[in-house]
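Please look at the chain displayed below and keep it in view while reading. The paragraphs that follow move from a single pair of residues to the whole chain, and then to its charged and nonpolar side chains.

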Amino acid sequence: MTDPNRQNDEPVTPAQAGEPVVSKPYVMPDDPEPGSVEALAKEAADARDKMLRTLAEMENLRKRTSREVADARVYGITGFARDVLDIADNLQRALDAVPAEAKAAADPGLKALIEGVELTERSLLNALEKNGVKKFDPSGEKFDPNFQQAMYEVPDPSVPSGTVVQVVQAGYMIGDRVLRPALVGVAKGGAKSAPVSGNEPNSAA
């Protein structure tokens with residue numbers, strides 16, 4: 001007979017007790033355990049990479065800002081300089097309107113007036129040059145559409161074809177940019193001129 005008061009001598013397993021069996025999670029070889037040396041080294045490498053990227057972005061921003069500041073310093077007066085060029089043109093027209101013979105035979109009062117206009121023009125051009133605006137006269141140079149605008153052709157076989165033989169209006173540069181191209185007359189006929197050797201126009205004396 002079986003004794004009802006007898007305890008079962010068989011050990012109770014966790015499965016029999018209804019408790020879930022928890023196994024240790026599998027760790028991928030390239031995913032080190034948290035807190036391990038490999039994990040700390042990976043975190044340090046990631047932090048270093050982010051820091052280097054941030055430093056590179058900051059350096060690029062600094063360089064870009066420096067360029068923008070430099071451009072603003074050089075080219076910020078572009079609009080104002082274009083307006084001032086009208087004054088320089090009017091002074092030049094006033095001087096050109098006086099023939100050389102009349103200037104030589106002028107009375108002291110007229111000579112003083114002419115000299116005053118010439119002095120004003122030189123002062124204006126000096127002020128422009130101090131601010132990076134330079135006048136250039138391409139007379140005798142090969143026509144370059146980057147710096148000049150051809151208004152008409154002049155039959156002249158004595159000079160190579162494509163040579164600037166007349167300057168209707170002087171050109172101006174601001175920094176390394178064309179503020180206003182020179183308006184010119186270009187020779188037609190004659191031998192072909194040599195290619196332009198440089199991109200910089202000659203400044204007017």
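Which residue in S4 is the bridge partner of Lys135? The bridge partner is Tyr172. This is a predicted model, in which local features need pLDDT of at least 70 and side-chain atom pairs count only at pLDDT 80 or more, while totals for chains, interfaces and linings use all residues. Residues are numbered from 1 along each chain as its sequence is written, and side-chain values use heavy atoms, with hydrogens and water left out.

The pair just named belongs to a wider arrangement. S1 and strand S4 (residues 171–174) pair in the antiparallel sense over four bridges; two strands are said to pair if DSSP finds at least two bridges between them. Three strands form an open sheet in the order S1-S4-S5, with antiparallel pairing. Strand S1 (133–136) and strand S5 (177–180) are the edge strands, each pairing on one side only. From one strand to the next, the twist averages 35°. Helix H5 (residues 108–130) packs on the sheet and touches S1 and S4, where contact means heavy atoms within 4.5 Å. The direction of H5 makes about 125° with that of S1; axes are lines fitted to C-alpha atoms, for helices over the stretch in contact, and angles run from 0 to 180 degrees between N-to-C directions.

The chain as a whole contains five helices and six strands. Helices (H or I, at least four residues) and strands (E, at least two) are DSSP runs, numbered from the N terminus. Read from the N terminus, the elements run α-α-α-α-α-β-β-β-β-β-β. Of the contacts between residues at least 6 apart in sequence, 68% join residues at least 24 apart. The accessible surface comes to about 15200 Å², and 56% of this belongs to carbon and sulfur atoms; such areas come from the Shrake-Rupley method with a 1.4 Å probe, and for residues only the protein chains shown count as cover. Buried residues make up 22% of the 205 residues, where buried means under 20% relative accessible area, exposed over 50%, and partly exposed in between (1.4 Å probe, protein chains only).

Side chains of opposite charge can pair when their charged atoms come close. A salt bridge is a side-chain nitrogen of Lys or Arg within 4 Å of a carboxyl oxygen of Asp or Glu, and by this rule the count comes to five. One of them joins Asp89 and Arg180, at 2.6 Å from N to O. Because Asp89 lies in helix H3 (residues 78–96) and Arg180 in strand S5, this pair ties together parts that are 91 residues apart in sequence. Asp89 is buried at 11% relative accessibility, and Arg180 is buried at 15%.

Asp46 and Lys42 form a salt bridge of 3.5 Å, N to O; they are separated by about one helical turn, because they are four residues apart in helix H2. Asp46 is partly exposed at 37%, and Lys42 is partly exposed at 45%. Arg53 forms a salt bridge with Asp49, with the closest N and O atoms 3.0 Å apart. Here Arg53 is exposed at 53%, whereas Asp49 is partly exposed at 36%.

Leu55 is also found in helix H2 (residues 37–75). Together with Met51 and Leu52, Leu55 makes a nonpolar surface patch of about 280 Å². Patches are made of residues with over 30% relative accessible area and no salt bridge; like charges are joined within 9 Å, and nonpolar side chains (Val, Leu, Ile, Met, Phe, Trp, Tyr) within 5 Å.
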